[in-house]
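Student: I am new to this structure and would like a close look at one part of it. Please take the charged side chains that pair with each other.

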Amino acid sequence: MAPLTVIKPQPEAIEFRIARDGSLTAWVKLQNMWEGQVAYKMKTTAPKDYTIKPASGSIRMGEFHDVQIVRKPPEDGGSPGSGKKVKFMVQAAAVTTQAQKLLLYAADKGKAAGRTKFWDSISKEDLQEQQLPVKLPSEEPEFEDAMEAPAETQEPSADATRSELWKARKARSQEMKTGKSAEDLEEGPPGGAGAGRGNAEATFLAAIEDPKPRKGEREREDDEKEKSAGRHKAQGYAAAGKLTDQDFDDIIGRMTKLGPDGKPVVQVSRPAPAPAPAEGDPARVSPSLGPSPAPEVERKPLQLTSAAKSQQKHDVVLQGHSRPVTYIAFDESGKVLYTCGKDKLVIAWSVPEGECLRKYEGHRGAVWACSLNDEGLLLTCGADNYVLLWQAESAQILCEVELPGVVRCVEWSHGLSYRFACCCNGFKAKPAAVGVFEFSSLNGATTAKCHVSIEVPKLPSAATQVAWAGPYREWLCSLHEAGLVIFWNSLTGSELARLPAHEDAVSKIAIPHADGRLLASCGRQDMEVRLWCLARPQSDDEGSDFDDMGGDKPTPELMRNF
């Protein structure tokens, strides 16, 4: 076996650390150093004593995986003395064929047989491995937070500081009440240095017995009352416990929330003030008592209303294309809508605001379809015989793929992010075709390679749509005239089955992302929608549903008409 070069483990030694719960844990980062997808698996000589999560998987180009290794405690089945002799090994292999990628995709979906068949297909010459040394902690570990540090190096905690402050406040309160400090209380009866304390206590008790304030104290109290009344007048009713207009405005400003566009999302409104009584109203002036106090007004809580609900509802119209729109598609989150038009443009819109986010300008003819994968890569095709690969966020063209004729449809493969299918019309001596391509990156440049090409006369006519189907998206189906749907093996290009979905032309077919065994077709003349079951689910027995990967044929059954 060759040394490990496609994957770089970091660190190169497994260093176990003691967690707070007492368990031994180690982390290893596996980084892909190859120019394509890489599969890996990690083994140990003590599988009953150690848990590896994940023990196997695949890493895309330029990415890495974090692997956690945990030693099982004896109560969970681990051996107490097996840690000093344990060994770990990492094995890796490059993924080079479409069949291997399909097996790994099935393994990621929970099919253990797919991973088993993948490693069985790797020869010993292509398998790389590396043994990782193990470093165990000492018998008396030193925690990072230094829980057992010397007392002189420890700083007082916040709880200790609060406790000391509380004790000091309590002692001060007791001193104010009795006129003695805590030391005086411990020393016993007053005397010597505590005599002053006793005099202060006598003065304090005398003041209690004679509650009449002196003349100077009475004047100070009157001054304080006048100042308090002045502050109440200056601050309105706020100081007296009533809300003023300024108080309402401050609260409204704090509770009103603005959206990205500067418009209020949550709008706060206050109730209208009560109308003032008329001049001759008897409730306004009392002849005997003078002006009567204002009547009590019921305080209503602030009303939180959505600005969108308060406004009148209206339809959002997206106006950005100068010619008819040919295709629409959402991204995975459902917050961005992509529209294609005959004006050579593809536009991204925010949902539900309807704001134009980006414009993709690169086609030299009408744009017929688009497709977006989960990595933010956008595919578009059009009448200029090109398929363009875009970075969706920056609207930058990454690659151009030229085909013989007008490209009518393009669709990413589910699970295999860099593989896509498309169909094009014929032009002059070049026949119409259905192709499967895959992008690859070399030295920073993105290129596309054709893996499967199905042309006329193998095709009965030019296809108007292509889609991925099957339990693991291993089938490719093409839509043709006269309501015919043909299923193909996406790895070899061989025909698997034909489905006359309708008696006449079919406008569109749709396959759900969650289950590739279902297909819906809509007829143009009979105005019917038919739901088909392409394959019945099989049991998940080892080797039962992977004996002939890609060789299973669809068996369409009509489920319902709409």
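Does Glu495 count as buried, partly exposed or exposed, and at what relative accessibility?

Tutor: Glu495 counts as partly exposed, because its relative accessibility is 34% and the class covers values between buried (under 20% relative accessible area) and exposed (over 50%), found with a 1.4 Å probe on protein chains only. The model is predicted, so local features need pLDDT of at least 70 and side-chain atom pairs count only at pLDDT 80 or more, while totals for chains, interfaces and linings use all residues. Residues are numbered from 1 along each chain as its sequence is written, and side-chain values use heavy atoms, with hydrogens and water left out.

The partner of Glu495 is Arg498: their side chains meet in a salt bridge at 2.7 Å, N to O. The term stands for a side-chain nitrogen of Lys or Arg within 4 Å of a carboxyl oxygen of Asp or Glu. Side chains of opposite charge can pair when their charged atoms come close. Arg498 is also partly exposed, because its relative accessible area is 42%.

By the salt-bridge rule, the count for this model is 10. One of the pairs joins Lys101 to Glu438, with 2.0 Å from N to O. Lys101 belongs to helix α1, residues 98-108, and Glu438 to strand β28, residues 433-442. Here helices (H or I, at least four residues) and strands (E, at least two) are DSSP runs, numbered from the N terminus. The two residues are 337 apart, and the pair links distant parts of the chain. Lys101 and Glu438 are both buried.

Another pair is made by Glu393 and Arg358, whose side chains meet at 4.0 Å, N to O. Glu393 sits in the loop between β24 (386-391) and β25 (396-402), while Arg358 is part of strand β21, residues 356-361. They are 35 residues apart, and this pair too links distant parts of the chain. Its two ends fall into separate classes: Glu393 is exposed because its relative accessible area is 63%, whereas Arg358 counts as buried because its relative accessibility is 17%.

Salt bridges also form a network here, which links Glu503, Asp526, Glu528 and Arg530.
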